[in-house]
Amino acid sequence: MPNISVKRTAFRGRLPRALGVAAPNVIPRSMPESTMVTNKQSGTNVHEVGDGIYRINTPVSIPGGGGFSFNQYLIVDDEPLIFHTGLRKMFPLVREAVGSVLPPQRLRYIAFSHVEADECGSLNEWLAAAPQSIPLCGTVAALVSINDLADRPPRALADDESLSLGKHSVRWFDTPHLPHAWECGFLMEEWTRTLLCGDLFTQGGADNPPVTDSDILGPSEAFRRGMDYFSHTKNAREMLERLASASPTTLACMHGSAWYGDGAKLLRALADALGV
Ligand SMILES: [Fe+2]
Ligand SMILES: [Fe+2]
């Protein structure tokens, strides 16, 4: 990763209100030296979690709700991709962080799992910032929402369809209603075996390490008990089994730490925990 100097930001003093949440005003204590802080005030930081795959993390504190974090994943390649955009009001922070790795206008694909503010809230901002970029999503998201919401038509990936970015390639898995939303799906980056797993394994807290090989199922199940954000689809085990069969070794979570280990085993443990 290139050396990043911390930049002054136009958000100074106005950030919490802009995000609708409170900035924790601290750099997470668990942040290793290889993590680059790209915005001192928000604590937005960038960490390479796989070869050419960067986790962009912004910690927040939610009034009365403790700490939380939003991650985006940037895949640097001939045709760079970002997986989920972050909240619309977080766009300047995410763009600044992307800009610490590559010129933001180089982005080619603005990808996301399902239609929610933290998944694609700044989709149109990104389409404007990166003139060659297009939305990348599943066929249901394209049909139901993105053909209308987005300023440029999406590239819709069918279930099991893959797309080359250069040396990286991503494969789309339809996962309707897992954990929520009819249009939900995930991307598997096949060169690094990184599953961009969105809201699966959501962990609370604002100071999780960028990557961990410690248990994330326990913390994410504790979070799920507090906020029932999983649908009750009867097909969850079948879909988790399909994801497991891709044998991911990194789980790139949207909230909390990314995780290294036997992804198939952890996905099956999640199915057990869900009791499906
Ligand atoms: Fe979600
Ligand atoms: Fe999310």
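These are my notebook entries on a predicted model of a protein chain.

**Entry 1: the whole chain**

I began with the overall count. The protein chain holds 8 helices and 15 strands. Next I looked up burial. Of its 276 residues, 49% count as buried.

I picked β4, which covers residues 66–75. Is it mostly covered or mostly open? I found it mostly covered, with 8 of its 10 residues buried.

I then looked for partners of β4. Strand β3, residues 53–62, pairs with β4 in the antiparallel sense. I noted 10 bridges between β3 and β4. One pair I checked was Tyr54, which stands opposite Leu74 in β4. The hairpin of β3 and β4 has 3 residues between the strands. There I looked at Gly64, which takes a positive phi near 80 degrees.

Strand β5, residues 81–83, is also paired with β4. This pairing is antiparallel too, and I noted 3 bridges. Here Ile75 stands opposite Leu81 in β5. The hairpin from β4 to β5 runs through 5 residues.

I kept one general point beside this entry. Side chains in a regular strand alternate between the two faces of the sheet.

**Entry 2**

I moved on to an open sheet with mixed pairing. Its 7 strands have the order β9-β10-β11-β12-β14-β15-β13. Why is one side of β9 and of β13 left without a neighbour in the sheet? Both β9 (162–164) and β13 (211–212) stand at the edges with a single partner strand each, so one side of each has no neighbour there.

I followed β9 to its partner. Strand β10, residues 169–174, pairs with β9 in the antiparallel sense over 3 bridges. In one of these pairings, Ser162 has Arg171 in β10 as its bridge partner.

**Entry 3: Leu266 in α8**

Leu266 is found in α8, residues 263–274. Why does Leu266 count as buried? It has 21 C-beta neighbours inside 10 Å, and the cut-off is 20 or more.

I set aside neighbours within four places in sequence. Leu266 is then in contact with Leu217, Leu251 and Gly261. I also looked up Asp215, which is 51 residues from Leu266 in sequence. In space, their C-alpha atoms are 9.2 Å apart.

**Entry 4: α7 against α8**

Last, I looked at a helix pair. Helix α7 covers residues 236–245, and its axis comes within 8 Å of the axis of α8. The axes cross at roughly 170 degrees. An angle over 145 counts as roughly antiparallel, and α7 and α8 are therefore roughly antiparallel to each other.

Which residues meet there? From α7 I listed Ala236, Arg237, Leu240, Leu243 and Ala244. They meet Ala264, Leu267, Arg268, Leu270, Ala271 and Leu274 in α8. I sorted this contact by class and got 9 nonpolar, no polar and 2 charged residues.

Note on methods. Residues are numbered from 1 along each chain as its sequence is written. Chains are lettered from A and ligands numbered from 1 in the order in which they are written. This is a predicted model: local features need pLDDT of at least 70, side-chain atom pairs count only at pLDDT 80 or more; totals for chains, interfaces and linings use all residues. Two strands pair if DSSP finds at least two bridges between them. Helices (H or I, at least four residues) and strands (E, at least two) are DSSP runs, numbered from the N terminus. A residue is buried if 20 or more other C-beta atoms lie within 10 Å of its own, exposed if 12 or fewer, and partly exposed in between; C-beta atoms are placed from the backbone. Two residues are in contact if their C-beta atoms, placed from the backbone, lie within 7 Å. Axes are lines fitted to C-alpha atoms, for helices over the stretch in contact, and angles run from 0 to 180 degrees between N-to-C directions. Angles under 35 degrees count as roughly parallel, over 145 as roughly antiparallel, 65 to 115 as roughly perpendicular and the rest as oblique. Ala, Val, Leu, Ile, Met, Phe, Trp, Tyr, Cys and Pro count as nonpolar, Asp, Glu, Lys and Arg as charged, and the others, Gly among them, as polar.
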